[in-house]
Amino acid sequence: MPPFHDYRDGGVLVLEPSPVMFGGVRSRKRARVTAVPPPCAFAVAEEEEGLTAAKRQKQREAPSLDPLPDECLFEILRRVKGSRSRCASAAVSRRWLTLLGGIRSSEINRSPAAAVPDLNQEFVADEEEEDDEFDVPIGCSSERSLEGNEATDVGLTAAAVGDALRGSLQSLVIRGTHPTRGVTDAGLAAAGRCCPSLISLALWHVPQVTDAGLAEIAAGCPSLARLDITGCPLITDKGLAAVAQGCPELKTVTIEACPGVADEGFKAIGRCCAKLQAVNIKNCARVGDQGVSGLVCSAAASLAKVRLQGLSITDASLAVIGYYGKAITDLTLARLPAVGERGFWVMANALGMQKLRCLNVSSCPGVTDLALSSIVKYCPSLKQISLKKCSQVSDGRLKDFAESAKVLESLQIEECNKVTLVGILAFLLNCSPKFRALSLVKCNGIKDICSAPAQLPLCKSLRSLTIKDCPGFTDASLAVVGMICPQLENVDLSGLGAVTDNGILPLIKSSESGLVHVDLNGCENVTDATVSALVKAHGSSLARLSLEGCSKITDASLFAISEGCTDLAELDLSNCMVSDYGVAVLASARQLKLRVLSLSGCLKVTQKSVPFLGSMSASLEGLNLQFNFIGNHNIASLEKQLWWCDILA
């Protein structure tokens, strides 16, 4: 009889099969008696064993590329086709992103793959079509800006891989940098390798970028036309020289607050960049006469715009500009303490700046009456002149200045305290028939005169007049201005707190062509009478009216505006005494097509104005409701009603 061997079938003793039953030999294996675990234990054990086996099988089925060296992975990644696939590869790991950032556009393998039979051929074709739609055409322009904490090497590399490998990234701006993981040469190198079509590069306050990063840009971006570097202390002449040699298409260069840059960098740019059109050098203490002179001499044929500010140059640089600047049309000179009167005089008498049209001079003690007269006399194409903080400019030669400026159209004088109203009247008496705009800002010498000149000028060509923040300018002077300028269209009297209705009303009445832009910001003594007269005389032409800070303006002015203005587009009532009633009147004027309305600081405007503001014309694009009593809840409701309008509250 066969012996009992084990518990099976729910714990019942079963017989061991006899070898005789199967016609075989008895097994030599030793018999064991074991207890059978409960069925639930079997299930848990089988599940754990199954999961472990599945994980092992998955690991065996999904091999990893990570063990491969960078050289092999580089060759694999450069054969990845399509922008979407490359972007997906870049998102795998930082290592993959770095390798993709090191692949130049010319190194990407774009050859068609060999035809291999695939059961999923239809699906693959659809994916390729989708990838093609994702790619941007070569001619399509693209811009990318990284600011603050977003400006890191990883972010810049990702931008280069994601955008530039499509051949579309043409403009790159980096403003600031991450405090601990900021942009370095590595990120700039990725942009240089991946962005061969880059045209414009701006680096603003990126302290960790050095000449090595600029060298990578120079090597990979031969089409670079615009370079703007501000606040990068590690950039030196070597970096600029590399850009000059590698980017012959460079047209615009701006270097500001870079203490490492000196003369050699600009000399290299002048030698190598034959198409250079504009240069802006600002607050670079080591740049002197050699750098400026070398640049201007070498690029004389194409250089049209020059801005020099905060440099240690002397009269020699201005002499070179005056002789070689034959193509210069726009010249700005600011804060040049070492340049004297002789420098400006020689610049003018060199007779080279025949094409100069716009001259801006600020904080240059060398600008005197003699120098200014020489410049106007020997620059026959000069149309615009701006003088700021030129303490030596006075009334002395304004008459000669006006007679020599045959084509002058605009004169701006700011903080030149030796210029008085007598000199300005003499200038207007002798100015060119083409003169159209006069601006006097913060000139303490512009004040009332005791006796008017024997002959008052009549300047019918003047269209724009700005007299701003001149505390001595009052009603008497304004009445004289109105008499001599009958064709004014734009009037800016901002900050003239002493001016009242008595001065402005004659100006309004004497204007024959129709006022278009009127700015009375800060004229606190102006009342509703001025607005009513202005609307009555020029309501059909008035397009912009600013009454900010005119505390005597009330709802009566809004009533006049609603009835008399037809083309008014911008209205500023900030800090005026208008109320809900005035807003209601303004909103009910259907002929008004306001684009911008400001009610900031109008304390009498409350939540009662919300329904009227909500019914404003669809032309309204901007609404300023700061510092009043409308309330946040009502602002939210108003935003829903005027969903197309930009509301500032």
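**Charged side chains**

Trainee: Is R595 buried or partly exposed, and what is the relative accessible area of R595?
Mentor: Start with the cut-offs: buried is under 20% relative accessible area, exposed is over 50%, and partly exposed is in between, with a 1.4 Å probe and protein chains only. R595 is partly exposed, with a relative accessible area of 32%.
Mentor: A word on the source: this is a predicted model, where local features need pLDDT of at least 70, side-chain atom pairs count only at pLDDT 80 or more, and totals for chains, interfaces and linings use all residues. Residues are numbered from 1 along each chain as its sequence is written, and side-chain values use heavy atoms, with hydrogens and water left out.

Trainee: Which residue forms a salt bridge with R595, with the closest N and O atoms 3.7 Å apart?
Mentor: Side chains of opposite charge can pair when their charged atoms come close. A salt bridge needs a side-chain nitrogen of Lys or Arg within 4 Å of a carboxyl oxygen of Asp or Glu. At 3.7 Å between the closest N and O atoms, the partner of R595 is E621.

Trainee: Where do E621 and R595 lie, and how many residues apart are they?
Mentor: Helices (H or I, at least four residues) and strands (E, at least two) are DSSP runs, numbered from the N terminus. E621 is in the loop between helix 22 (610-614) and strand 21 (622-624).

Trainee: Which residues are linked with E621 in a network of salt bridges?
Mentor: E621 itself counts as partly exposed, at 46% relative accessibility. The network links E621 with R595 and E570.

Trainee: Why does the pair E256 and K282 tie together separate parts?
Mentor: E256 and K282 form a salt bridge, with the closest N and O atoms 3.7 Å apart. E256 lies in strand 7 (residues 252-256) and K282 in strand 8 (residues 278-282), so the pair ties together parts that are 26 residues apart in sequence.

Trainee: Which side chain of opposite charge is nearest to D475?
Mentor: D475 sits in helix 17 (residues 475-484). Lys and Arg count as positive, Asp and Glu as negative; His and the chain ends are not counted. D475 is buried yet has no salt bridge, and the nearest side chain of opposite charge, 11 Å away, is K552.

Trainee: Which backbone nitrogen does the side chain of D475 reach?
Mentor: The distance is 3.5 Å, and the nitrogen belongs to G503.

How values were computed: Polar contact = N/O pair within 3.5 Å; in protein donor to acceptor, adjacent residues only side chain to side chain.
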